[in-house]
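Please open the model in a viewer and keep the sequence panel at hand.

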Amino acid sequence: MTNIDHSNQSVSPNLHTPVLCQEVIEGLAIEPNGHYLDATLGRGGHSRLILEAFPDVRVTGIDLDGEAIATTQDNLSEIAENRFQVWQGNFADYPGETAQFNGILADLGVSSPQFDVPERGFSFRHEAVLDMRMNREQSLTAAEIINHWDQTSLADLFYQYGEERRSRPIARRIVQQRPFETTTELAEAIAKCFPPKQRYGRIHPATRVFQALRIAVNDELGSLERFLEKAPHWLKPGGRIGIISFHSLEDRRVKYSFRDSLLLDVVTKKPMIAQPEEREKNPRSRSAKLRFAQRKLSDHSSYK
């Protein structure tokens, strides 16, 4: 496929910069008149790239966030016409049909605008209520977990979902000092569990705990596992599925699911990562890993 230059592409201010653009388009091997599933629509950056590949390509997008859907429909209206449709909900619950899509993409990172809107409570960069819900209609919030789970459950959560080695002292301090109402209050309490030299490094000491809370609030790993089990059935023979992950908990699940699937052949033995130029321009891409697999041409043959 010819290299695609996106450097001069006009992007709406409501669109976050999608990662691994070139790798996504080439890896999906987009075909004219193809139908593709963007399972994590966000602000539609990847959907736009797919729609622009050919004038008759169609995209179905999935997202839990009604605000993101409304914004993306607006952003893509001038190029999509009748080629773009949306299903609101968790991608693991999508009622996909067998052999429906030529390709499937899921970007497991949280959309940048969700981090940048303080009231969503995803980030400790802004003072906000402890929320972290991608679907605002659900009841479980980060505040519920922090203020009501017992110390052992909190420590297990931080260790398993955040890979936080100081999970026990952090959980103990949280239980001693709660209730917590805001993101900044919680981040400050977590930071005090670290030696002074580690409190002001490149990575904030609360980063892993906030990751664990976000994963738990939104059942991200459970949803990913259900999606990985169902999604291969939605592919046409020869169709490809690509998953972009941002931490090892996700990447391991994608790797083993692709490897163990009876329906898929692994395309990328090692994950694709951003090139130095992209990592420089878009810091979000530095931790991104992209893996592809392809639906077998039949039950008895593998694509080579």
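Which residues of β1 are buried on one side, and which on the other? Select β1 to see that His 35 and Leu 37 are buried on one side and Tyr 36 and Asp 38 on the other, with both faces of the strand covered. Here buried means under 20% relative accessible area, exposed means over 50%, and partly exposed lies in between, with a 1.4 Å probe and protein chains only. Helices (H or I, at least four residues) and strands (E, at least two) are DSSP runs, numbered from the N terminus.

Before continuing, please note that this is a predicted model, in which local features need pLDDT of at least 70, side-chain atom pairs count only at pLDDT 80 or more, and totals for chains, interfaces and linings use all residues. Residues are numbered from 1 along each chain as its sequence is written, and side-chain values use heavy atoms, with hydrogens and water left out.

**The sheet**

Next, display the strands. They include an open sheet of 7 strands in the order β3-β2-β1-β4-β5-β7-β6, with mixed pairing; two strands pair if DSSP finds at least two bridges between them. At the edges are β3 (84-88) and β6 (264-266), each of which pairs on one side only. On average, neighbouring strands of this sheet are turned by 20° against each other, direction ignored. Such angles run from 0 to 180 degrees between N-to-C directions, and the axes are lines fitted to C-alpha atoms, for helices over the stretch in contact.

Return to β1 and select Asp 38. Its bridge partner in β2 is Gly 61, and its bridge partner in β4 is Leu 105. The strands β1 and β2 run parallel and are joined by 4 bridges, while β1 and β4 pair in the parallel sense over 3 bridges.

Now move to β4, residues 101-107, which pairs with β5, residues 235-245, in the parallel sense over 6 bridges. Gly 103 stands opposite Arg 240 in β5, and Ile 104 stands opposite Ile 241. Strand β4 is mostly covered, with 7 of its 7 residues buried.

**Helices on the sheet**

Select helix α2, residues 45-53, which packs on the sheet and touches β1 (35-38), β2 (58-63), β3, β4 and β5. Its direction makes about 170° with that of β2. Contact means heavy atoms within 4.5 Å. Then select helix α11, residues 248-260, which lies across β5, β6 and β7 (289-295) and runs at about 20° to β7.

**The annotated binding site**

Which residues does the UniProt annotation "binding site" cover? The unreviewed entry lists Gly 44, Gly 45, His 46, Asp 63, Phe 91, Asp 107 and Gln 114. UniProt positions are given in the numbering used here, feature names are shortened, and annotations may be inferred rather than shown by experiment. From this set, the lining of the largest cavity takes in Gly 44, Gly 45, His 46, Asp 63, Phe 91, Asp 107 and Gln 114. A cavity is a set of points, on a 1 Å grid over the protein atoms alone, where a 1.4 Å probe fits but cannot get out; lining residues have an atom within 4 Å of a point.

Centre the view on Phe 91, found in the loop between β3 and β4. Phe 91 counts as buried because its relative accessibility is 10%. Leaving aside neighbours within four places in sequence, Phe 91 is in contact with several residues, among them Ala 39, Ile 62, Ser 223, Leu 224 and Phe 227.

Helix α10, residues 220-230, is the next selection; its buried residues include Ser 223, Leu 224 and Phe 227. What covers the buried residues of α10 includes β4, α6 (151-162), α9 (207-217), β5 and α11.

**Salt bridges**

Finally, show the charged side chains. The count comes to 13 salt bridges, a salt bridge being a side-chain nitrogen of Lys or Arg within 4 Å of a carboxyl oxygen of Asp or Glu.

- Arg 48 and Glu 52 meet in a salt bridge (3.7 Å, N to O); both lie in helix α2, 4 residues apart, about one turn of the helix. Arg 48 counts as buried at 6% relative accessibility, whereas Glu 52 counts as partly exposed at 40%.
- Arg 48, Glu 52 and Glu 78 are linked in a network of salt bridges.
- Glu 163 and Arg 252 meet in a salt bridge (3.6 Å, N to O). Glu 163 lies in the loop between α6 and α7 (167-177) and Arg 252 in helix α11, so the pair ties together parts that are 89 residues apart in sequence.

Notes
1 Å grid on protein atoms, 1.4 Å probe; cavity = no way out; pocket = protein on both sides within 12 Å on 5 of 7 lines; lining within 4 Å.
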